Amino acid sequence: MKPASLLQFRDWSSLHADLAWVYKGSVPDEFRKRHCPSDFLGAWLVLEGSVRVSQRHREVCAAPGDWLIMAQNEGYQEFSEGAQILSIRYCAEWPDRKPFFELGLPLIMRGADHPELELRAQELRVAVEKVLPPVPTELQGQSVNLSSFIAVRAKFWEWFGELYEALSGRGISPTRVGIQDERVSQMVHYLDHLELSERVRESDLARLAGLSTAYFVRLFRDEVGVTPKRYFDERRRDACRRLLGAADIPIKEISYNLGFTRLSDFSAWFSDEHGVSPRKYRELEQARGD
């Protein structure tokens with residue numbers, strides 16, 4: 001397996017890395033004491049007060065001037081009253097859903113040891129606040145023009161690069177599960193860039209790969225761990241959960257954006273996987289944050 005620091009350009013392009021939000025200010029009351037979501041990574045620079053996080057049977061505490069780098073796992077967070085932070089929520093994972101950063105987290109780093117990390121974070125915050133309000137808002141459901149998207153994405157990758165360097169310097173190595181077959185790699189890239197409202201037919205993917213449907217599905221599952229249809233469906237479900245976490249996005253709009261023409265079909269699709277309706281899931285997520 002190739003080391004994670006030296007991959008083909010196409011391999012790096014298969015990394016899912018997206019900004020969820022960036023926020024600087026007082027910790028809202030609804031976020032002070034709550035369970036940590038398991039579908040995002042987080043990085044907090046503590047400006048005032050303190051924060052305690054428990055994840056993976058490990059507890060860490062951050063004071064002013066500390067960066068707290070979270071794991072992509074469920075846990076519990078507790079901020080002191082009046083705490084102020086610079087917060088960046090993001091996702092970073094490979095096509096098989098393996099987090100880019102995994103072992104060694106959560107972790108505390110002194111901000112003074114990594115001044116470039118704060119500088120890039122502040123630049124990212126400024127880029128976001130030029131187009132969105134300065135509150136912890138789920139970015140994925142917001143409307144922006146192309147130039148704003150490019151500006152925010154560029155600043156995010158600059159910050160992410162600094163985070164990678166900082167964690168690597170502390171022995172936190174990124175994970176990598178390799179896809180060895182070129183045809184599967186190309187189809188993963190294709191599915192990663194397909195609109196979530198599209199429908200995936202494995203026979204169409206097999207034809208693009210130049211293989212029979214049965215052989216292609218088996219090869220894809222062996223390389224990635226799931227079938228092509230399931231892989232794309234997981235992309236849709238991940239997006240759905242994140243959008244449902246944003247209380248200001250109507251459920252009907254989420255349904256439409258994911259390719260459903262009838263709300264009842266969307267609800268049945270979601271309930272089959274999660275055991276509750278989209279509305280009930282949103283209510284439960286909001287209750288967990290209270």
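Visitor: What makes Arg52 count as partly exposed?
Guide: The model is a predicted one. The relative accessibility of Arg52 is 24%. Buried means under 20% and exposed means over 50%, so Arg52 is partly exposed.

Visitor: Why is the contact of Glu59 and Arg52 called a salt bridge?
Guide: The distance from N to O between the two side chains is 3.4 Å. The cut-off is within 4 Å, and therefore the pair qualifies as a salt bridge. Glu59, with a relative accessible area of 48%, is partly exposed, because exposed requires a value over 50%.

Visitor: How do you know that Asp204 and Arg207 form a salt bridge?
Guide: Their closest N and O atoms lie 2.8 Å apart, and the criterion is within 4 Å, so the pair meets it. Both belong to helix H6 (residues 202-209), where a spacing of three residues separates them by about one helical turn.

Visitor: Which exposure class does each of these two partners have?
Guide: Asp204 has 27% relative accessibility and is partly exposed. Arg207 has 58%, and exposed means over 50%, so Arg207 is exposed.

Visitor: What makes Arg262 and Asp265 a salt bridge?
Guide: The closest N and O atoms are 3.1 Å apart, which is within 4 Å, so the term applies. Asp265, at 31% relative accessibility, is partly exposed.

Technical notes. Residues numbered from 1 in each chain as written. Predicted model: local features only at pLDDT ≥ 70, side-chain atom pairs only at ≥ 80, totals over all residues. Heavy atoms only, no water. Buried < 20%, exposed > 50% of the residue type's maximum accessible area, 1.4 Å probe, protein only. Helix = DSSP H or I, 4+ residues; strand = E, 2+ residues; numbered from the N terminus.
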